[in-house]
Amino acid sequence: IIPMVTETIKPTEFVVLPSKCPSCNSKLVWSGVHLKCTNPNCYDTMVYQVEHFVKTMEIETMSAVTLRKLNVRTIVDLYDLTEKEIESIEGFGKVRAKEIVSQINKSLVTKPWKLLAAFGIPLIGRTASKAILSRYNFYRLFELDKMNDLGLGPTISQSFFDHIKEYQYIFDYLVGKGLKFEKEKKSMLSGKEIALTGKGPLGRKELTEMIEELGGSVKTVSAK
């Protein structure tokens, strides 16, 4: 159902949008519906990118606050942390330091789609990552050069090709750290694409999780 505005109940007040990044004072530009900082070395932007990686990889006990306290700005900084280094920072003891390093090392055994989604490439979330990796081995992602090879829309494909090579050094670094991919189990829905529409016996979220657990992927309804 597409909603339609019939009348304005109360006029909104005029809002002045910022033109400078509140963190580094660099210029802000529109990216879709978002205002983004143009400075690749902006401290807050770097921390938020690592926070996204941490959340997607399900590294527990790590938040943006913790990342700032540990002075972690990049994914490489995260995996370079040592127990001794963490212990030396105020507010962290031996037990917590050991737990943090354990959780970080544990994330080196993961699913391919989870790592790709964790990179934070615009428009490449878990669904797009699963779709791409249902076609290609992770090691081949950095060699792809034809947009129609992905089986995704032109906007998502373009975003992938615009950014994927930026993450090759991170991937190579993680491999050197011992990165290993869990083997995907084949099941009744492996490789199948399913569109959900209308009312179902369960909520859309629950159905999506069930389908993905059985190896399938959920797509939106389109002309195709």
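Which residues does Phe-160 touch, not counting residues up to four places away in sequence?

Author: The model is predicted, so local features need pLDDT of at least 70 and side-chain atom pairs count only at pLDDT 80 or more, while totals for chains, interfaces and linings use all residues. Residues are numbered from 1 along each chain as its sequence is written, and side-chain values use heavy atoms, with hydrogens and water left out.

With residues up to four places away in sequence set aside, Phe-160 touches Leu-116, Ile-121, Ile-124, Ile-132, Leu-141, Leu-144 and Leu-150; contact means heavy atoms within 4.5 Å. Phe-160 belongs to the largest nonpolar core, which has 48 residues. Such a core is a set of buried Ala, Val, Leu, Ile, Met, Phe, Trp, Tyr and Cys residues joined through side-chain atoms within 4.5 Å, where buried means under 20% relative accessible area, exposed over 50%, and partly exposed in between (1.4 Å probe, protein chains only). Together with Leu-78, Tyr-79, Leu-116 and Leu-141, Phe-160 touches the most other members. Among the elements that give two or more residues to this core are α6 (112-118), α7 and α8 (154-163); helices (H or I, at least four residues) and strands (E, at least two) are DSSP runs, numbered from the N terminus.

Apart from this core lies another, of five residues, including Leu-207 and Ile-211. Leu-207 and Ile-211 are also among the buried residues of helix α10 (residues 204-213). The buried residues of α10 pack against α7 (126-133), β5 (193-195) and β6 (217-219), whereas Lys-205 and Glu-213, on the other side of α10, are exposed.
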